[in-house]
Amino acid sequence: MLVVSKLTKKYGKMYANREVSFSLEKGEIGVLLGPNGAGKSTAIKCILGLLRFEGEITIGGFSNKTSDAKRIIGYVPEMPAPYELLTVGEHFEFIIRAYKLDYESSMEYAEELMQRFQLTEKRDSLAKNLSKGMQQKISIICALLPRPQMLLLDEPLVGLDPYAIKQIKALILELKEQGTAILVSTHMIDSVEGIWDKAFILMKGRIVASHAKEDFRGVWQESLERIFFAATESIANGDWDDDEDRTGDSDKRGT
């Protein structure tokens with residue numbers, strides 16, 4: 001479903017991503033792990049086609065820059081950016097019309113998601129008057145309404161209350177069962193513990209380790225946290241020679 005091949009993104013002489021390669025099949029949950037400034041958000045934005053880059057990215061067999069690919073992608077950014085002067089309900093009507101979805105069934109789905117995220121009472125509230133957590137819930141529902149085949153989540157749990165975190169984790173597992181490929185970018189390892197199928201560990205703009213949970217079955221059981229630190233300890237201590245590789249400030253280039 002998602003194939004990223006030798007993704008390279010530079011800002012001048014600075015590398016945000018360098019020859020990043022990984023793939024996800026239908027029904028797989030991948031996690032892109034790394035500290036702040038590792039290049040995770042840059043990679044997500046390249047996959048979405050929001051940034052120019054070197055390399056190749058395909059989604060569902062289509063180049064990520066094509067309209068065919070964009071139709072099957074859902075995206076939840078780290079920082080929600082709703083339309084301030086639209087109500088909660090108007091956001092969902094906008095998405096339904098923009099994607100030319102069946103109105104009745106899509107509104108039923110929106111109602112179901114609003115109930116799950118406890119947004120029903122805020123249906124007529126303007127987005128600008130809502131907390132960041134509620135704005136994040138709007139972003140999540142907008143991403144899910146078109147029923148994407150590929151879902152990208154950039155730090156999706158930031159700002160959410162415990163109940164909403166429980167709901168989105170449940171939804172991720174439900175979507176997996178329906179065949180949706182899901183990529184979660186995060187530095188909060190415990191937030192994806194227990195739900196991942198593939199882990200891609202990013203440091204200084206490069207994939208330094210890739211693991212499939214299936215590889216550990218029948219051999220030994222290991223936490224994602226220990227896998228992460230085992231792969232990155234020497235790099236964090238400065239023992240890795242990255243030559244000219246450098247990632248820029250997270251403020252300028254994303255996480």
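Four strands form an open sheet in the order β2-β1-β4-β5, with antiparallel pairing; two strands count as paired if DSSP finds at least two bridges between them. Helices (H or I, at least four residues) and strands (E, at least two) are DSSP runs, numbered from the N terminus. The model is predicted: local features need pLDDT of at least 70, side-chain atom pairs count only at pLDDT 80 or more, and totals for chains, interfaces and linings use all residues. Residues are numbered from 1 along each chain as its sequence is written, and side-chain values use heavy atoms, with hydrogens and water left out.

At the edges of the four-stranded sheet are β2 and β5 (62-63), each of which pairs on one side only. Strands β1 and β2 run antiparallel and are joined by 7 bridges, and V3 has S23 in β2 as its bridge partner. Helix α1 packs on this sheet, where β1, β2 and β4 (54-59) are touched, and its direction makes about 115° with that of β1. Contact means heavy atoms within 4.5 Å; axes are lines fitted to C-alpha atoms, for helices over the stretch in contact, and angles run from 0 to 180 degrees between N-to-C directions.

In β1 (residues 2-11), K6 has a phi near 55°. K6 is exposed, because its relative accessible area is 54%; the class limits are under 20% for buried and over 50% for exposed, with partly exposed in between (1.4 Å probe, protein chains only). In β2 (residues 14-24), E19 has a phi near 50°, and E19 also counts as exposed, at 53% relative accessibility.

A second open sheet has 6 strands in the order β6-β7-β8-β3-β9-β10, with mixed pairing. Its edge strands, β6 and β10 (206-212), each pair on one side only. On average, neighbouring strands of this sheet are turned by 15° against each other, direction ignored. Strand β9 (residues 198-203) runs antiparallel to β10 and is joined to β10 by 6 bridges; I201 stands opposite A209 in β10.

Two helices lie across strands of the six-stranded sheet. Helix α1 (residues 40-48) lies across β3 (29-33), β6, β7 (150-154), β8 (181-186) and β9, at about 145° to β8. Helix α5 lies across β6 and β7 and runs at about 175° to β6. Because 8 of the 9 residues of α1 are buried, this helix is largely enclosed by the rest of the structure. The buried residues of α1 are K40, S41, T42, A43, I44, C46, I47 and L48. Just after α1, G49 takes a positive phi of about 85°.

Grid points are joined across faces, edges and corners, and a volume is the space filled by probe spheres set on the points.

The largest pocket has a volume of about 660 Å³. Its lining consists of 20 residues, of which Y75, P77, I95, Y99 and C142 lie nearest the centre. Two or more lining residues come from each of β6 (73-76), α3 (88-98) and α5. By class, the lining has 16 nonpolar, 3 polar and 1 charged residues, where Ala, Val, Leu, Ile, Met, Phe, Trp, Tyr, Cys and Pro count as nonpolar, Asp, Glu, Lys and Arg as charged, and the others, Gly among them, as polar.

There are 2 cavities of 30 Å³ or more. The largest cavity has a volume of about 50 Å³ and is lined by P156, L157, I168, K169, I172, V184, S191, V192 and I195. Helix α6 (residues 162-177) gives the most to this lining, with 3 residues. The lining of the largest cavity divides into 7 nonpolar, 1 polar and 1 charged residues.

Residue D124 is found in the loop between α4 (103-116) and α5 (132-144). D124 counts as exposed, at 66% relative accessibility. The C-alpha atoms of D124 and T87 are separated by 5.3 Å, although these residues are 37 residues apart along the chain.

Overall, the protein has 8 helices and 10 strands, and 51% of its 255 residues count as buried.

Technical notes:
1 Å grid on protein atoms, 1.4 Å probe; cavity = no way out; pocket = protein on both sides within 12 Å on 5 of 7 lines; lining within 4 Å.
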